[in-house]
Amino acid sequence: MTSFSRACLGLVRQTASSPASVICSGIPSHLGTMKGLHRLGVPNHSFIPHRVISLAHHHRPRVPYLSTGGINNHHGCAGAASCGRSSLTGSGNREQHSIMPSIIMNSGLLHHKPPVRPARLRSVDNLTRRLSTSHSPRLDDQGLSVSEQGKSIKDIFEEYVFNEMPTHILQLDDHGQPLRLMSRNDLQADYFQHFSETEIKHRIVDQLNSRCSERGTPTRVTRETAIRSLVRDSMKYAIFSHRWFRTGEPTFRDIMKLPQGRRISGQGFMKLEKFCEKAFAHGCRLAWSDTCCIDKRDSSELEEAIRAMFRWYRNAHVCIAYLHQSSTPSDFGIDEWFKRGWTLQELLAPQMMKFYQTNWEPISNSRNDKDNVELVDHISHITKIPPNDLQRFTPGFTRVHEKMAWASTRKTTRIEDTAYSLIGLFDLSMSVAYGEGKWAFYRLMEAILHRCHGWDILAWAGPPCPHNEAIPDVPQCYTAYDPTLAPELETDVGESHWRGDQSFEMTKRGLQVETLIIPLEDTAKDIWKRKYTPDWAIGPQWAVGVLNYQALDGRVYTHQGRMQAHRHYVCLLLQLDTSVNIRRLSWKRVLTRDVLIIKTKRELEGQLETIWLVALGDLSYFIPV
């Protein structure tokens with residue numbers, strides 16, 4: 001008899017007066033009842049304790065109970081004697097069973113293969129088993145515990161609340177009416193207590209199941225992503241897009257009176273109540289409106305709201321757009337909602353959007369109007385925004401000309417809002433300073449120029465910014481260039497990574513850009529056809545600087561440019577600057593009302609030259625064409 005068996009047998013004898021369980025130091029405490037042994041082929045229970053130790057295969061710490069009445073059917077492993085004069089592998093003789101050992105250990109001598117489960121279900125089983133261990137749950141094969149793998153629930157919750165949620169938001173009552181304004185601290189205090197480890201584990205398993213069913217193969221789901229998903233769903237909010245009434249809109253101070261039992265009257269508050277009802281119908285207990293959820297007396301809160309506005313609309317569960325002047329989609333063309341500057345990002349940012357007409361009836365029967373192809377096509381026709389952008393817009397520094405053209409048809413009350421309403425579309429950050437006037441648009445364009453690499457940002461005409469001739473004065477300057485007049489130019493814009501100068505930059509001398517200089521001489525008339533190029537601009541002192549030339553061999557920095565035959569090219573009108581006394585020719589840009597376009601008859605190649613669009617130009621160069 002081994003020392004291990006003696007220890008076990010001794011403990012059994014010590015508990016013989018009440019053999020309800022056997023507890024051994026170093027032996028797992030998962031014990032079974034006496035019914036299990038009979039299933040293993042042990043009919044005589046006289047010498048067997050009521051509970052015996054059951055060790056799983058490979059000595060895993062967590063195994064099912066093995067009872068003396070259930071051993072016969074314990075097919076995963078067989079019982080072996082740890083002490084005594086006979087083993088279970090002997091015959092079924094009653095005498096042999098009468099001297100059966102007091103403790104039977106499940107040692108895995110018999111091998112049984114369970115049915116093979118699909119890989120997706122096995123992944124879910126493994127993850128569930130790891131999460132079921134309360135002391136040290138495992139989420140991956142690296143052996144890291146939950147506390148070691150990432151941020152705590154509180155950290156993730158606070159990060160989302162204080163960075164992704166609006167500064168103030170309306171809480172709705174059980175009837176969908178505005179109850180009170182909540183700050184981020186209020187959200188933290190009221191919603192954090194709703195999270196538990198059980199919900200997190202269930203969310204992880206749900207995400208695994210959904211991703212496996214979508215892609216066919218299991219993907220890694222972390223605890224942090226599950227917590228973020230729970231936080232987002234628990235605090236989902238609706239956001240409002242509308243045209244302000246001239247008077248009667250509820251303010252931040254008005255809504256702060258709601259907890260005191262004071263009701264607010266007026267057309268503006270009725271509109272807010274209708275919005276809250278629709279938000280509640282979409283399953284949201286939180287709602288945000290720009291009229292009353294921003295403390296405009298706090299300059300820092302106002303600035304944060306303007307800079308984060310696009311993100312707040314993108315994070316919203318649903319955006320409810322109220323079209324006060326529309327009863328049917330045919331009225332969209334005259335509705336002011338489609339003509340205001342701020343509603344451009346409110347149209348593009350949300351992932352789910354619902355339009356309501358003047359009597360608060362839905363425009364369509366779709367759950368998400370961005371999935372309604374007919375309605376999206378109609379809006380695209382009115383706004384000139386492609387349907388793909390209306391449904392899945394991605395902010396960034398590409399397609400600057402096209403985005404500016406979208407904004408050119410809209411207007412804002414404050415001059416500065418022309419720039420501030422475009423911050424989100426270009427995914428940039430800039431300070432907000434009301435009172436700066438046209439400096440705001442100048443700073444916006446300057447920030448875009450620093451990060452943009454597309455030649456189309458230079459395809460504008462008309463009056464320049466008073467602070468820099470290289471920058472247009474307003475977005476309407478980009479409407480002077482119509483790509484539909486030269487269809488292949490639309491492709492050029494999409495291929496800007498290999499056309500034109502990609503390293504232009506703002507310097508003290510002005511905007512530095514490399515162009516392909518083509519003289520406008522009499523002998524060159526048989527080379528191209530010209531659009532919007534003045535007929536009198538002929539002679540050695542006149543030239544055009546081609547913007548969307550092709551770099552030779554597809555390389556941008558060869559300082560050689562090519563113009564393919566029978567293609568249109570966008571140009572700047574240049575005049576020889578004789579006021580500069582230098583050996584090398586110097587060109588200055590001549591401003592025009594339309595963007596110059598030429599079409600080549602044969603292929604041309606030439607040396608690229610650097611020109612500077614001066615910072616403070618003489619407006620007398622603005623020549624009507």
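Guide: A contact means heavy atoms within 4.5 Å. In the protein chain, residues 24 or more positions apart account for 67% of the contacts with a separation of 6 or more. This is a predicted model, in which local features need pLDDT of at least 70 and side-chain atom pairs count only at pLDDT 80 or more, while totals for chains, interfaces and linings use all residues. Residues are numbered from 1 along each chain as its sequence is written, and side-chain values use heavy atoms, with hydrogens and water left out.

The protein chain has 19 helices and 23 strands; these are DSSP runs numbered from the N terminus, helices being H or I with at least four residues and strands E with at least two. Of its 625 residues, 48% count as buried, that is, under 20% relative accessible area, with exposed over 50% and partly exposed in between (1.4 Å probe, protein chains only).

The whole structure holds 15 aromatic pairs. Rings of Phe, Tyr and Trp (its six-membered ring) pair if their centres lie within 6.5 Å; planes under 30 degrees apart count as stacked, over 60 as edge-to-face and the rest as tilted. Tyrosine 322 and tryptophan 360 form a stacked pair, 4.4 Å centre to centre with 5° between the planes. This pair links distant parts of the chain, 38 residues apart: tyrosine 322 is in strand S10 (residues 318-322), and tryptophan 360 is in the loop between strand S11 (353-356) and helix H14 (373-383). Both tyrosine 322 and tryptophan 360 are buried.

Lysine 271 lies over the face of phenylalanine 245, at 4.1 Å from the ring centre, and arginine 589 lies over the face of tryptophan 460, at 4.5 Å. A charge sits over a ring if NZ of Lys or CZ of Arg is within 6 Å of the ring centre and within 35 degrees of the ring normal.

Arginine 410 is buried yet has no salt bridge, a term for a side-chain nitrogen of Lys or Arg within 4 Å of a carboxyl oxygen of Asp or Glu. The nearest side chain of opposite charge, glutamate 346, is 8.0 Å away; Lys and Arg count as positive and Asp and Glu as negative, while His and the chain ends are not counted. Among the residues that arginine 410 touches are Trp337, Phe338 and Thr343.

Definitions and conventions
Lists of a residue's contacts leave out its neighbours within four places in sequence.
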